[in-house]
Amino acid sequence: MSKPNPDHSIFAIIGPNMVGPSSSHTAGAVRIGLEIRETVGKPISNVIFQLYNSFADTGKGHGTDKALLAGIMGFEPDDPRVKDAFLLADETGLDYKFLPGKSGDTYAKENSVDITIHLADDGKILKYRGVSTGGGAIYIEELRDRVW
């Protein structure tokens, strides 16, 4: 008996439970932020998102910026507060910035973001790269827990 193809799973066909409009740009972006938040496990005072390729080109229209910020604040992809992420971050005092990635960066994958985090308690700076691979699936690349 052959092994089932994960691309034909019910999840791949119907997509993740999410606040839309895009499983890659919205659900995947929320999951990147959430995974990094959970990895850090400490209060964050400042975060810088450097968006690459499709995230940079069409991310604003798809809500990628709000989604990344929502994930950093601990929201799940189906949380209705995702759409209010800027307002909620401002209310809580989380400082954030979005920057475009370098044009022609061949290292960055299609839907990718570099995230620089400043910890609230000790001022350490941590850097991560997250990639959204479609259907809400993600991976964290170059997970670097070192001080910069």
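These legends go with a few views of one predicted model.

**View 1. The whole chain, element by element.** There are five helices and five strands here, taken as DSSP runs (H or I, at least four residues, for helices; E, at least two, for strands) numbered from the N terminus. Walk along the sequence and you get α-α-β-α-α-α-β-β-β-β. Of the 148 residues, 41% count as buried, meaning under 20% relative accessible area with a 1.4 Å probe, protein chains only.

**View 2. How α4 sits against α5.** Helix α4 (residues 64-72) packs on helix α5 (residues 85-92) at about 40°, with the axes 9 Å apart. Axes are lines fitted to C-alpha atoms over the stretch in contact, and angles run from 0 to 180 degrees between N-to-C directions.

**View 3. Who touches whom between α4 and α5.** On the α4 side, Asp65, Lys66, Leu69 and Ala70 meet Ala85, Phe86 and Ala89 of α5, with contact meaning heavy atoms within 4.5 Å. Sorted by class, that contact has five nonpolar, no polar and two charged residues.

**Notes.** Residues are numbered from 1 along each chain as its sequence is written. Local features need pLDDT of at least 70, side-chain atom pairs count only at pLDDT 80 or more, totals for chains, interfaces and linings use all residues, and side-chain values use heavy atoms, leaving out hydrogens and water.

Methods: Nonpolar A, V, L, I, M, F, W, Y, C, P; charged D, E, K, R; others polar. Buried < 20%, exposed > 50% of the residue type's maximum accessible area, 1.4 Å probe, protein only.
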